[in-house]
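Subject: Handover of a structure and its findings

Dear colleague,

Please find below the structure that I am passing on to you.

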Amino acid sequence: MSSRFLSLACGALATVFLASSPAISRELKVCADPNNMPYSNTKGEGFENRIAELVAADMGATAKFVWKPEWRGFVRKGLKAGLCDVVPGVPTNFERVRATKPYYTASYAFVQRQGASPITSFDDERLKTSRIGVQLVGNDGANTPPMDELARRGLNQHVQGFMVYGDWSKPNPLAPIVDAVSNSDIDIALVWGPIADYYAAREIPPLRVAPVTTGRLMSFSIAMGVRKQDKELANEINRIIDRRRDDIRKILADYNITPSMDQKSATAE
């Protein structure tokens, strides 16, 4: 049989098979990091896992996680390559995607041991004599907003950097900066809110977390990202976010995360 007729025969068989088979259920493919608590892991224990599953269930779909480390090229190699439909946890102003409505807003926070006098401002004089932990981004250790604020005040010589990506070969790669406060290796840490809230509550004893009240670009609204051409999917997710805000709040609370759901971020205005 020639290849032409073989393809026609296969097509006919496929038509018969599909006609006699149950409808294929909808699937929402979600790019997620396999070892990035409190956001996600392969056991589905992260809050982004659970929120993605909530969104998928509301649209009558099943969430299928596509595991990719959140290193450089995460969006290009996952979402833009067509491996997934949505990426949770992107800033609302992230230009490489079409962002949905935000489902929470968070800010950087100061993390201290219990009993220490609270610090909430970069202008606090005690920072001049404190050992300060700060998160850095990427293989080149690019500055995060708190590092920029410390440098503007001449406090960068008091800083110890902790890479956001951490050592992915170990459990909880985002925890070391919070562990360092608990172990008295540093006096205070500046940590992105959800990471600070989650790990500070798990230290023994728990650590104090206080949102930063000064500085520029300390607060960000967080959304889901889809491909720019997927306007209908973005609108569908927007409607689900509106309907399920209380459920999303409850999920976040399970991780000791208490962000705003409605506040605009400084960068999204």
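One disulfide is present in the structure, the term standing for a pair of cysteine sulfur atoms within 2.5 Å. In general, a disulfide is a covalent bond between the sulfur atoms of two cysteines. Here the partners are cysteine 31 and cysteine 84, with sulfur atoms 2.1 Å apart. The link of cysteine 31 and cysteine 84 is left-handed, at -95° about the S-S bond. Distant parts of the chain are linked by this pair: cysteine 31 belongs to strand E1 (residues 26-32), while cysteine 84 sits in the loop between helix H3 (74-77) and strand E5 (86-91), 53 residues apart. Helices (H or I, at least four residues) and strands (E, at least two) are DSSP runs, numbered from the N terminus. Cysteine 31 counts as buried at 2% relative accessibility, and cysteine 84 is buried at 0%. Buried means under 20% relative accessible area, exposed over 50%, and partly exposed in between (1.4 Å probe, protein chains only).

Before going further, please note that this is a predicted model, in which local features need pLDDT of at least 70 and side-chain atom pairs count only at pLDDT 80 or more, whereas totals for chains, interfaces and linings use all residues. Residues are numbered from 1 along each chain as its sequence is written, and side-chain values use heavy atoms, with hydrogens and water left out.

As to the protein as a whole, it has eight helices and 13 strands. Of its 269 residues, 45% are buried. Among contacts (heavy atoms within 4.5 Å) between residues at least 6 apart in sequence, 76% join residues at least 24 apart. The protein exposes about 13700 Å², of which carbon and sulfur atoms supply 52%; these areas come from the Shrake-Rupley method with a 1.4 Å probe, and for residues only the protein chains shown count as cover.

Helix H8 (residues 245-253) has the buried residues Arg245, Ile248, Ile251 and Leu252. Because they cover an arc of only 120° around the axis, they lie on the same side of H8; the arc is that of the directions from the helix axis to the C-beta atoms. The face turned away from that buried side carries the exposed residues Asp246 and Lys250. What do the buried residues of H8 pack against? Their partners are helix H2 (47-58), strand E7 (104-112) and helix H7 (231-243).

A salt bridge is a side-chain nitrogen of Lys or Arg within 4 Å of a carboxyl oxygen of Asp or Glu. Aspartate 242 is partly exposed, at 39%. In total, the structure holds 19 salt bridges. One of them joins the side chains of arginine 243 and aspartate 58 (2.4 Å, N to O). Arginine 243 lies in helix H7 and aspartate 58 in helix H2, so this pair ties together parts that are 185 residues apart in sequence. Arginine 243 is exposed, with a relative accessible area of 53%, whereas aspartate 58 is partly exposed at 25%.

Turning to the aromatic residues, the structure holds 10 aromatic pairs. Rings of Phe, Tyr and Trp (its six-membered ring) pair if their centres lie within 6.5 Å; planes under 30 degrees apart count as stacked, over 60 as edge-to-face and the rest as tilted. Phenylalanine 47 and tyrosine 255 form an edge-to-face pair, 5.8 Å centre to centre with 65° between the planes. Since phenylalanine 47 lies in helix H2 and tyrosine 255 in the segment after H8, the pair ties together parts that are 208 residues apart in sequence. Both phenylalanine 47 and tyrosine 255 are buried. A stacked pair is formed by phenylalanine 65 and tryptophan 67, at 5.4 Å centre to centre and 20° between the planes. Phenylalanine 65 counts as buried at 16% relative accessibility, and tryptophan 67 as partly exposed at 32%. Finally, one aromatic cluster is formed by Tyr39, Phe47, Tyr103, Tyr104, Tyr198, Tyr199 and Tyr255.

With kind regards
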